[in-house]
Amino acid sequence: MRRNVILSLLLIAVFVAVVAVAVGVTRPPSGTGVADSARTSSAVPVVREDSHVLSDAGEGAPVLVEFLDFECEACLAAYPLVEQIREEYAGELTFVVRYFPIPSHANAMNAAVAVEAAAQQGRFEDMYTRMYQTQSEWGEQQDSKAPLFRQFAQDLGLDMAAYDAAVADPATQQRVEQDRQDGMALGVQGTPTFFLDGELLQPTSEGDFRAQIDAAVNR
């Protein structure tokens, strides 16, 4: 899908939680979208203790969680809006990121592992941002982009011995996979998928999305 088409369908890609739309945007192997009946499960937390928090508004604040795939063009299209919301609701809304690499995206797992390796050095947000800034350079390609992601880590000034060890450690990929498994258990089938205070969001527009956040903030 051409980038200009994706941008023009931004609100649809981000907010319309229908299988037909998700299939067209995210292209996972067996169809995507969010199950209409998906809700939180007492056995599967929407946020774990080790989940990555980009904006922390403190105890009692509403929590917005995004399941994402760094190779997903719809996630890239949603990224500017997510950043705008983070800025507008700073101090009022906690924002949490969870991985959901789609198997049909050849470098989605590599990207997530690279971000997780950077997170181990306290640089999650830096690598998270870099992945979106550079997606056009490496997305939708079948060869491994792990060497390029290593260059990103080097550019950020990471300890490369520690980075290499983290990437090679199976526990790093297992950490990513735990997010993906949790997402599937929660009904996530496509990206980006958002939860607000543990409830699946299915807004019909940006205005609806903001209205739900406002309602949560003002409760």
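In which helix does Met-184 lie? Met-184 is part of helix 10. Keep in mind that this is a predicted model.

**Met-184**
- Met-184 has a relative accessible area of 38%, so this residue counts as partly exposed.
- Along the sequence, Met-184 and Phe-100 are 84 residues apart, while in space their C-alpha atoms are 8.8 Å apart.

**Helix 5 and helix 10**
- Helix 5 covers residues 108–119 and helix 10 covers residues 170–185; they pack at an angle of about 110°, and their axes are 9 Å apart.
- Angles of 65 to 115 degrees count as roughly perpendicular, and therefore helix 5 and helix 10 are roughly perpendicular to each other.
- The crossing of helix 5 past helix 10 is right-handed.
- On the helix 5 side, the contact is made by Met-109, Ala-112, Val-113, Glu-116 and Ala-117. Helix 10 contributes Thr-172, Gln-173, Arg-175, Val-176 and Glu-177.
- Sorted by class, this contact of helix 5 with helix 10 has five nonpolar, two polar and three charged residues.

**The nonpolar cores**
- The largest nonpolar core has 48 residues, and those touching the most other members are Leu-64, Phe-70, Met-127, Tyr-128, Met-131, Tyr-163 and Ile-213.
- Helix 5 gives the most to this core, with nine residues.
- Leaving aside neighbours within four places in sequence, Ile-213 is in contact with Leu-64, Ile-85, Tyr-89, Leu-93 and Leu-196.
- A second, separate core has eleven residues, including Val-44, Val-65, Val-96 and Leu-200.

How values were computed: Residues are numbered from 1 along each chain as its sequence is written. This is a predicted model: local features need pLDDT of at least 70, side-chain atom pairs count only at pLDDT 80 or more; totals for chains, interfaces and linings use all residues. Side-chain values use heavy atoms; hydrogens and water are left out. Axes are lines fitted to C-alpha atoms, for helices over the stretch in contact, and angles run from 0 to 180 degrees between N-to-C directions. Helices (H or I, at least four residues) and strands (E, at least two) are DSSP runs, numbered from the N terminus. Angles under 35 degrees count as roughly parallel, over 145 as roughly antiparallel, 65 to 115 as roughly perpendicular and the rest as oblique. A crossing is left-handed if the near helix is turned anticlockwise from the far one by less than a right angle, and right-handed if clockwise. Contact means heavy atoms within 4.5 Å. Ala, Val, Leu, Ile, Met, Phe, Trp, Tyr, Cys and Pro count as nonpolar, Asp, Glu, Lys and Arg as charged, and the others, Gly among them, as polar. A nonpolar core is a set of buried Ala, Val, Leu, Ile, Met, Phe, Trp, Tyr and Cys residues joined through side-chain atoms within 4.5 Å. Buried means under 20% relative accessible area, exposed over 50%, partly exposed in between (1.4 Å probe, protein chains only).
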